[in-house]
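Colleague: I am new to this structure and would like to learn how to read it. Could you take me through it step by step?

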Amino acid sequence: MRFPRLFAPDAGAVAGIVMVAGMVMVASGCGPSTTSSGPFENGTVRVATAFYPIEEIVRAVGGAEVSVVDLVPPGESAHDYEPTPQQVTDLQSADVVFYLGSGFQPSVEKAIASLPSGVRKIDLLASVPLIATSPQLAGTDGQTEGEVLGDGNDPHVWLSPKNMQLMVAAVQESLTEVPGIDAAAVATGATNYVATLSSLDTTFSTGLASCASRVIVTSHRAFGYLAAAYDLTQLAISGISPAEEPSAKTLEAVAKAARADKVTTIFFENNLPADLSRTIAREIGADTAVLDPVETLSSDQITLHATYASVMEQNLAALVKGLGCR
Ligand SMILES: [Zn+2]
């Protein structure tokens with residue numbers, strides 16, 4: 001039996017949740033399964049994650065206690081990713097799989113659903129307050145774009161640092177329940193990462209407190225939670241998945257709305273062709289800037305040791321400039 005040490009909370013309310021979960025005692029005895037470890041390191045809790053932000057949470061919280069395999073390779077679209085047959089096999093030797101449900105990654109979700117009951121499957125959407133996918137603009141063609149997922153909720157929860165903190169607490173709770181894991185080490189990992197996220201949240205609140213415009217025109221409808229957290233309004237050119245192509249009618253409607261809102265910057269993302277954003281920007285005489293949905297890291301970002309927080313800080317800099325914040 002291990003007795004977790006207590007750590008001074010230093011990151012506000014969420015740290016409280018982290019502390020409580022951290023105090024759950026872990027029974028001694030059988031550790032993680034002793035079968036072949038597949039792509040995982042031996043002697044650690046084997047965790048598979050469905051895409052990048054969850055991978056970062058699990059690595060930060062689990063530290064040396066976990067061996068993490070993420071399904072989506074660098075630069076690939078998280079939404080459309082189809083696990084390889086080898087990955088589906090590898091998933092079977094995981095102790096825990098963390099993902100987001102509701103149709104965010106249909107192929108990944110299907111592969112996870114087919115796993116044996118010995119693999120714990122944790123849908124982290126259950127740990128955050130969900131908001132409905134923002135409605136279509138008047139004058140666009142409805143259901144063909146901005147596809148509403150299974151339950152009508154927006155899955156892009158990680159784009160609010162507040163939600164990230166809630167997911168950290170949920171990951172900590174789940175990992176702490178794995179027999180043999182060092183719950184104290186997991187609690188420390190969670191507390192430290194929550195401090196980073198809490199500080200990021202404060203930086204966003206301060207940076208976006210006073211802006212000339214609060215309308216963000218984005219290439220794909222990924223920024224609903226970020227908008228909700230910092231009192232912005234999202235106007236999306238494309239749908240909930242970046243692969244959804246908008247029609248000429250939608251582009252016209254977005255341009256019209258953007259013009260009416262006196263938008264001066266159209267945001268687009270690195271992994272998508274910028275043509276649509278540029279078309280609208282040209283039409284209304286606006287600039288373009290990158291807003292990264294942090295669904296995946298590119299190989300370049302990995303080389304530069306980018307993290308969720310570092311990418312979000314770049315997003316904030318782009319927002320502050322593009323929205324004329326002081
Ligand atoms: Zn997305």
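This is a predicted model: local features need pLDDT of at least 70, side-chain atom pairs count only at pLDDT 80 or more; totals for chains, interfaces and linings use all residues.

Colleague: What does the secondary structure of the chain come to?

Modeller: Helices (H or I, at least four residues) and strands (E, at least two) are DSSP runs, numbered from the N terminus. Here the chain comes to 11 helices and 8 strands.

Colleague: How many of the 326 residues count as buried, as a percentage?

Modeller: A residue is buried if 20 or more other C-beta atoms, placed from the backbone, lie within 10 Å of its own, exposed if 12 or fewer, and partly exposed in between. By that rule 47% of the 326 residues count as buried.

Colleague: Which residues have the most contacts inside the largest nonpolar core?

Modeller: A nonpolar core is a set of buried Ala, Val, Leu, Ile, Met, Phe, Trp, Tyr and Cys residues joined through C-beta atoms within 7 Å. The largest one has 84 residues, and Val61, Phe98 and Val168 have the most contacts inside it. Helix α6 (residues 183-207) gives the most to this core, with 10 residues. The core also draws at least three residues from each of domain 1 (14-24 + 44-127 + 152-202) and domain 2 (208-322), where the bounds come from an automatic or database domain assignment.

Colleague: Which residues is Val61 in contact with, leaving aside its neighbours within four places in sequence?

Modeller: Two residues are in contact if their C-beta atoms, placed from the backbone, lie within 7 Å. With those neighbours set aside, the contacts of Val61 include Val168, Val171, Leu175, Val186 and Tyr193.

Colleague: Why is α5 described as largely enclosed by the rest of the structure?

Modeller: It is described that way because 15 of the 16 residues of α5 are buried. The expected span of a helix is 1.5 Å times one less than its number of residues. For helix α5 (residues 161-176) this gives 22 Å, which agrees with the 22 Å between its end C-alpha atoms.

Colleague: At roughly what angle do the axes of α5 and α6 cross?

Modeller: Axes are lines fitted to C-alpha atoms, for helices over the stretch in contact, and angles run from 0 to 180 degrees between N-to-C directions. The axes of α5 and α6 come within 9 Å and cross at roughly 175°. That makes α5 roughly antiparallel to α6 (angles over 145 degrees). Among the residues that meet there are Val168 and Gln172 in α5, and Val186 and Ala190 in α6.

Colleague: How do the axes of α2 and α6 cross?

Modeller: The axes of helix α2 (residues 52-62) and α6 come within 6 Å and cross at roughly 125°. That makes α2 oblique to α6, a word for angles left over once those under 35 degrees (roughly parallel), over 145 and 65 to 115 (roughly perpendicular) are set aside. Ala60, Val61 and Gly62 in α2 meet Val186, Gly189, Ala190 and Tyr193 in α6.

Colleague: Is Val294, with its positive phi, buried or exposed?

Modeller: Val294 is buried, with 26 other C-beta atoms within 10 Å. Its phi is about 50° although it is not a glycine, and its place is in the loop between β8 (287-290) and α10 (299-303). Asp231 also has a positive phi, near 60°, but Asp231 is exposed, with 11 other C-beta atoms within 10 Å. Asp231 is found in the loop between α7 (224-229) and β6 (233-236).

Terms used. Residues are numbered from 1 along each chain as its sequence is written.
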